[in-house]
Structures are given as C-alpha cells and as structure tokens.
Amino acid sequence: MRLQRSRVGIILSYALLTTLALLFFIPVMMMLAGSLKPDERVLMEAGSLAGFIPGEVSLQNYTDVFNRTEFLGFLFNSLFITGTIVIFGLLVNALAAYAFARLRWRGRDLFFNLVLAVMILPLEAIAVPLFYGVSLLGLRDTYLAQILPFIANAFSIYLFYAFFIGLPRELEEAARLDGASTLRTFFSIIVPNSKPVFASVAILNFLMWWGAYLWPLMVTIGPEVRPLPVAIAAFYTLPPLQWGDILAFSVMMVAPVLLLFILFQRWFVRGVAATGIKG
Amino acid sequence: MYILIALTFAALLFISGCTDTDNPEGHINALAVWAHAGQERERNTLKSQVARYNKNHPQHPVRLTLIPEGSYNAQVQAAAVAGNLPDLLEFDGPFLYAYIWQGRLQPLDNLLPETLIDDLLPSILQQGSYRDHLWSVGIFDSGLGLYADRSRLVAVGARIPTLENPWRQDEFNNILQRLVNTDPDGQALDLKLNYGGEWYTYALSPLIQSAGGDLVSRGEVYSAQGSLNGPETADVLHTIQRWIEAGWVDPNIDDAAFTSGRVAMAMGGHWNYARYHEHLGEDLLLLPLPDFAYGSKTGQGSWSWSITSNCDNPKAAARFLAFLLQPEEVLAMTDANGAVPATRSAIGQSLRYRTGGALQLFVDQLKAGYAIPRPRTPAYPVITAEFQRAFERIRSGSDVQAVLDEAARSIDLEIEDNKGYPWLFTAVERQ
C-alpha cells in the first residue's frame, strides 16, 4: 500500500514537473519554430499546435538577418561589452570581497554595509545621474560608457564574500607561513579553491548584461558600439513586421547564453549550492 | 589568473583605443545626419540618396547614422538631454513641438527656396509650423482611410461613399450590422488593434474629431479637460467599445484579417495598400473614414526633418533638405515606402497618387483640409501616451468615462507642471 502510494506520488510529481518544464519551454519552442517559417505564417499559426512545428524548414530568416543588419558587428559588440564586464568584474569584485572577508582594516564593516545597501538600488533609480556623469565625461556612444559603470557590482561582491568567508582559514595561514603576500595568497590559494563561485558570478553577470537594454539605449547612437538588444529594435518598423526575422535574430541572440549555460552548468549548480543563491 | 590579468589589460587597451574614434564632430565639414532605420527599401534609398548628394557636395558631405526605429525617440531624446544632437535630425512629426520647446531646433525660415515651400502639401507645412515659424519639413506624408472589399459591400447593398459624401454614422453602423449578419464568424471590421502604440492616437483621433471631440482643446494653452473626457469623445469610444464587445472587430492578431477575407473592411494607412491590392486586386476600395457629425476627418503626419541648434552651418543642412525634396528624390523615397509624396510636383509624377491614381484619396484629404494634425504642443508625448493607455483599458472593457477622466487629469497635470509650456523659454528668444 505504502509502495503504491509513493509510486502515485512520484507519477504526480513527474507530471507536475513535466508540465512546468513544458510551460517554460513553450516560448523557446515557438521562437525556434517561428524562426524557420515564412513571416506571414508566424503569427497566423501562433495560437495553434502548428506554432511549435516549423513545417517546411527554411533558413531564409537567418539569411535575412545577416543581409538586413550588421549582425556580426552587433554580436561582437555584445560579446565584447559583456565579456569585458565579466572579466573585469571577476577581478575587481573578488578582490574587494576578499578584502572584506579576510583583511582587517579600519571602516571595513561600515564599507561592507554600504556595499550591501547599494544592492537594493536598481539601475533605473541611478540611470539619470549616471547618464549625466557619462555625458559630462564625453563617453556617450563608446564601449567604455557601457562597461565602466558596471564592473564593480555589489551583488557579485556579496556572493564572493559569502563564499570566501566559508573557506577554512588554515589554507591561507599555511601560505602566509611560507611568506606569501596577500595578493599571492589570494591568487594562489583562494582563487583555485573558489572556482564554483567564480563560475556562478561570471554566468550571472553574463546573463544580466547580455540582455541589458535600458542603459545601452540611453548611451549609444551609432551602430559601431550598438549591442544586440538595441539592434533588434531595427526590425520594429511600420507594419507588416518581419516576425520570422525577429525570431531568427532572437534565436541567435539567445544561443550564446544557452551555450554558456550548457558548458558551465556543472559549475553553475555547484556555485549556486555554495553561495546559496535562490532564483 | 595571470591569463585573467593579461586579458584585462588587453581589453583595457582595446577599449581606450575604441573611445571617440567615430565622433561625427571630428569631421569639420561633414554634416552629421540622424535618421530612422525604416524598412530595408527605405533604408537603402536614403543611403543611396546620401551617396548621390555626397558625390556633388564634397565640401559638406553628409555623414548618415541610422538609428533603429523601435528605439528611435528614446535614443534621440537621450542624446538631446546630453546635448549631443547632430546637425540635421529626422523624427516622428508630432514630437516636433517638444523638441522646439526644449530649444533643440532652429527655424527653417528663409533657409529653403520659396518655390520649394510653395510646392509642399499644406499638411506638411501645418505639421512643420509652430508659433509663426517653419521648423521642419517631411519628404512624405501619411494617408489614413478605410479599405474595403467592393464585392462584399455590393453584396449587402452598401453605397460606395466619396470624400464629399462619406457614410454618416448611422449608415456606417447599418452597413457594419449587415456585414456582420452575413459573415461566418461575425467579425466585419479590422481596426488594426494589433498595432497598438501611436496607431491608436493617429487612427482614432479623426473619428473623435469627426464627432466634434478632440484629445485636447487647442487654444493658447492646451487642456484635455472637457475635450478628452467630453461627451463627444466618450460617445465615439463607447461606440468602438460596443463594436469590440459585440465581436464585430477582428483582433487581427496575425495581421491578416483583411487579406485572408475574415473582414470586409479595414482601417489602414498608405503602407497597407500594396499588400491589400496584391490580395484583393480590383475589388480593393479605398474609402474616407465615416462622418460622425462634423464631416469625414483623417490623420496626417509622418517622419520629418529639422536643423538642430547644434548645427553651425544651417545653410549646408538646408541644402541637403532641398536636395531630398527634389521631385525625383521624393519619388525615390515614396516608391520605397509607399507614403504620400510631400510635394505637388512629385505627386503629379506619382502613378499611385496623381489624379486618377489608386491612392488619390489620400492626397485629396491632405490637400483639402480633411486631415487634422495631432495636437501641436510640447505636451504631445504625454497626450499620446495617456490616450494609448486609456484606449488599451477601454478596449478591455473599462468604464469609458472614468478612464478618460483619469487620462485628462494626468495630461492637464503635466501641462500645469510645465506652466503651460510658455514660449519665452524657447530657442528663438534665446538667439
């Protein structure tokens, strides 16, 4: 009887999980299927099962995206901007977190609390003063304007801090006894033992800045530094809209993020477990 | 980790190298021009026009930046706030007055040849004029009307209306009812509800104005109280709400309600013609909007060009504008985007728009005063945003009067906050 009950429980939970998975997967399927259809069929079939089936597969929409936009240029811009924020961010935020977690200096707790307080400020709240700052510095329409303000990130510092504080002190003490400097200890002992949190912070930051729209919209004009989320707006013209092209553009925009997640999934899950991030 | 540091420095070097490499102001004689990146043909036409112009004007070449249409206004406004506007700027016409009031533009007075000004459609001059100055000119205007399937109108015994003798409100309602009765799914009208956004203001204002209402009263200081929430406006929006609730209006989610034959009539603009004609052929009719009491009205206005306050050489900028307004250049653009040519000389050479052309109605409406410009006030961005929000709620079944009262309050509050947008703050007085 108990065995039967647990089987029913398993079946029910699998049914629920499958439904939820489908629910999350449906938009992705529609995007993928729509990107392979002619424009006029995308919306016509969106409300039916046919919306998820490409039918006769054609890569025309993908070809159109390359012909109608400078997609590779925009892709490079997005990769460069996001990649630079992530790389600089790992270095700056990990060092800051290490200083908060391990070094003793006057005002440490006060500064750490200030950093935590900054976490509650969304970009929308500081966008206007930040915009004036960037404009005064003459940085509008540059890569720098899209990178510089976002390297230091309070949430990343917090994640690193939470991980570093849990590392056994003995690891560092052994290095110190061998005469290693603080920086040497950080790079030789802390970093190799903190791969999961580095992976998590890298992925989270990548996800956050890959899809950023508001800030690039405010500070860019020309195509030279325009990232993908702003570039897709080129398709929103007078009707009829090229829905197939829009979806093909979206698929190619989402692909690097999915690839990154699939490649580093193991690290990401470990990092999430180690830092206690919740969705 | 050393690789990380090396990468960091490499990136730093690259970023520093990239900064300011493409500053348009760096080219002393170049004319910086921003335009919206419309559909592919439109975009390519403008690029080839710039190439043609630059070939003959090497001393003041145009440096064109195309900005995505979907984010255009936001990006240009941000640049305006930062004081980074180019010499010559294209923008959506009704936003002109906000740019003028902010002091971002220079008047075009005396910069364009008189013959060219005389050649422009009255609607172009109306949209581009503010406080006794001409501030902007469009290369094309828009057309708004009612497309219909002739055979289905004939089948229900409907009269074919003309601009001089349009359908009256009760006649239109009656025809709509007859079409609904003979329609398999009971939907007979496409109001392009799928477009949303600016379409609501552009397309529904003429119906409201035809009933004697408006979005705002257009005196010295504009006010929405009594206009937007007045009985005439509320009546029209009540009527549309009833049509939607009765299921007479196709939601047009797939943008194919008319071309697939689901409805017999579709409100639409010049941009719909090519596709509609492809599907309906000789059965396609272009009709004026119905007369709700004060005559048939229609919309007007489209993308427009102005010289900004940043421009040191307005004569060079005006020269490029005059080039774009030559009949062959106007036609090159309107052939690409299907819009109404802005000049009479270009209209005379246009197969679609000249007398007897399939879209002559659009020209007649713009020439003969049937077209009413959207409110010519710096408050327009707020007016249209509030109206769009209000109509979204009305189409979903909200109480019409309550929604309009709320929208009118918000608009008037915005106007009051800006002290009625007094003229003395503008660029003309500062010069």
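**Strands, helices and the chain contact**

Me: Which residue of β12(B) does Q106(B) stand opposite?
Reply: Q106(B) faces I307(B) in β12(B). Helices (H or I, at least four residues) and strands (E, at least two) are DSSP runs, numbered from the N terminus.

Me: What sort of model is this, and what cut-offs apply?
Reply: This is a predicted model, in which local features need pLDDT of at least 70, side-chain atom pairs count only at pLDDT 80 or more, and totals for chains, interfaces and linings use all residues. Residues are numbered from 1 along each chain as its sequence is written, while chains are lettered from A and ligands numbered from 1 in the order in which they are written.

Me: Back to β4(B): how many bridges join it to β12(B)?
Reply: Two bridges do, and β4(B) and β12(B) run antiparallel. Two strands count as paired if DSSP finds at least two bridges between them.

Me: What is the strand order in that sheet?
Reply: The order is β2-β1-β3-β12-β4 in chain B, an open sheet of five strands with mixed pairing. Its edge strands are β2 and β4 (105–106) of chain B, each of which pairs on one side only.

Me: Which strands does β3(B) pair with, and in what sense?
Reply: With β1(B) (residues 31–37), β3(B) pairs in the parallel sense over two bridges, and V33(B) has L88(B) as its bridge partner in β3(B). With β12(B) (residues 303–308), β3(B) pairs in the antiparallel sense over five bridges. There, L89(B) stands opposite S306(B).

Me: How many residues of β3(B) are buried?
Reply: Five of the five residues of β3(B), 88–92, are buried, so the strand is largely enclosed by the rest of the structure. Buried means that 20 or more other C-beta atoms lie within 10 Å of the residue's own; 12 or fewer makes it exposed, anything in between partly exposed, with C-beta atoms placed from the backbone.

Me: Which helix lies across β1 and β2 of chain B?
Reply: Helix α2(B), residues 40–56, lies across them and runs at about 170° to β2(B). Axes are lines fitted to C-alpha atoms, for helices over the stretch in contact, and angles run from 0 to 180 degrees between N-to-C directions.

Me: And the other sheet: which strands are its edges?
Reply: β9 (189–190) and β11 (284–287) of chain B are the edges, each pairing on one side only. The order in this open sheet of four strands is β9-β10-β8-β11, again with mixed pairing. Four bridges join β8(B), residues 144–149, to β11(B) in an antiparallel run, and A148(B) stands opposite L285(B).

Me: New topic: how many residues does each chain give to the contact between them?
Reply: Chain B gives 33 residues and chain A gives 32; residues are in contact if their C-beta atoms, placed from the backbone, lie within 7 Å. On the side of chain B, α1 (2–18), β2 (62–68) and α3 (72–81) each give two or more residues. The largest share, six residues, comes from α1(B). By class, that side has 17 nonpolar, nine polar and seven charged residues. Nonpolar covers Ala, Val, Leu, Ile, Met, Phe, Trp, Tyr, Cys and Pro, charged covers Asp, Glu, Lys and Arg, and the others, Gly among them, are polar.

Me: What do the buried residues of α3(B) pack against?
Reply: They pack against α6 (123–136) and α12 (214–219) of chain A, together with β1, β2 and β3 of chain B. The buried residues of α3(B) include Y72(B), Q75(B) and V76(B). After α3(B) comes G83(B), with a positive phi near 70°.

Me: How many helices and strands does chain A have?
Reply: Chain A has 15 helices and zero strands, and 35% of its 279 residues are buried.

Me: At what angle do α5(A) and α8(A) pack?
Reply: α5(A), residues 108–118, and α8(A), residues 154–164, pack at about 125° with axes 8 Å apart. They are therefore oblique to each other; angles under 35 degrees count as roughly parallel, over 145 as roughly antiparallel, 65 to 115 as roughly perpendicular and the rest as oblique. V115(A), L116(A) and V118(A) of α5(A) meet A154(A), I157(A) and Y158(A) of α8(A). The contact of these helices has six nonpolar, no polar and no charged residues.

Conventions: Contact = placed C-beta atoms within 7 Å.
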